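Open the model in your viewer and keep the selection tool ready. Each stop says what to pick and what is there.

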Amino acid sequence: MPKKKAKPTGMSEYTRTIYLFVLLFIGIAFILWAEGQYEQNFIESF
Amino acid sequence: MNFSHHQFNNALTAVVVGLGLYISLLPWLPNITLWWDKLWNDGYVYHGQLSQGQDDTNLSAPPKDNRLVVPDINLDEPIIEGSNLSVIGGGGTWRLPHTSDPAAGGNTVIVGHRWSYSEPATFYHLDKISIGERFAIWWQQKEYVYEVFDTRIVPPTDLSVEGPSAEPIATLYTCTPIWTASNRLIIQARLLTQEEI
């Protein structure tokens, strides 16, 4: 009798890729947002 | 070379983790480097009247450029002249052109960046300066020593700190708090006479 394959428990590689790109996007967007806030507020006083 | 989807995801995970560490640790890095310098290098060693008293026999050669030196926070940066803030994009401090300078007396106003991901954190530790501490300005190869008499936070619209003064003073300011730059941290100090140094 052939052995049954265990069901995959984690997310698929494709799903993992999507999650990682979303995290990467959030990180880069955060840096750009923080820089924009700083520049805008700093330049306002000159 | 066979680069599988699994290996690609592992590499991408490393990039995401690295970015996360960059975002979360970089704002605290100046604190860590200052702590480390004071722990192992015994802080900033300054050779000027500020630390030597009136005996100037041990003074090192005056710097050729104009500089701001605050030994307590390991700050030793050039004072850059220019018409706008972009002159300190690569570091240093900026003397506001419409204010005085140490040789002329009055109010010398010097500004610097506090902290951002892309700008040098020149005035990061300015909030650690307290009343009574001293710093020096090298101006045209002459040293001027100042003693802090006031520290406060004002809104960015309060430009009175840039106004002229009868006494020779220095005003240092930068953004506060870190991240937002929504207010200005002001440090004001009076020029000391040779006898007071």
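Select B:Arg95 and B:Ile110. B:Arg95 stands opposite B:Ile110 in strand 4 of chain B. This is a predicted model, where local features need pLDDT of at least 70, side-chain atom pairs count only at pLDDT 80 or more, and totals for chains, interfaces and linings use all residues. Residues are numbered from 1 along each chain as its sequence is written, while chains are lettered from A and ligands numbered from 1 in the order in which they are written.

Now show strand 3 (residues 93-95) of chain B beside strand 4 of chain B. They pair in the antiparallel sense over two bridges. Strands are DSSP runs of E, at least two residues, and helices are runs of H or I, at least four, numbered from the N terminus. Two strands pair if DSSP finds at least two bridges between them.

Pick B:Val109: B:Thr171 in strand 7 of chain B stands opposite.

Stay on strand 4 (residues 107-111) of chain B. Are its residues buried or exposed? Five of its five residues are buried (20 or more other C-beta atoms, placed from the backbone, within 10 Å of a residue's own; exposed means 12 or fewer, partly exposed in between). B:Asn107, B:Val109 and B:Val111 lie on one side. B:Thr108 and B:Ile110 lie on the other.

Jump to helix 2 (residues 29-40) of chain B. The count of buried residues among its 12 residues is zero.

Last, show both chains. 19 residues of chain A are in contact with 21 residues of chain B (C-beta atoms, placed from the backbone, within 7 Å).

Conventions: Contact = placed C-beta atoms within 7 Å. Expected span 1.5 Å × (residues − 1).
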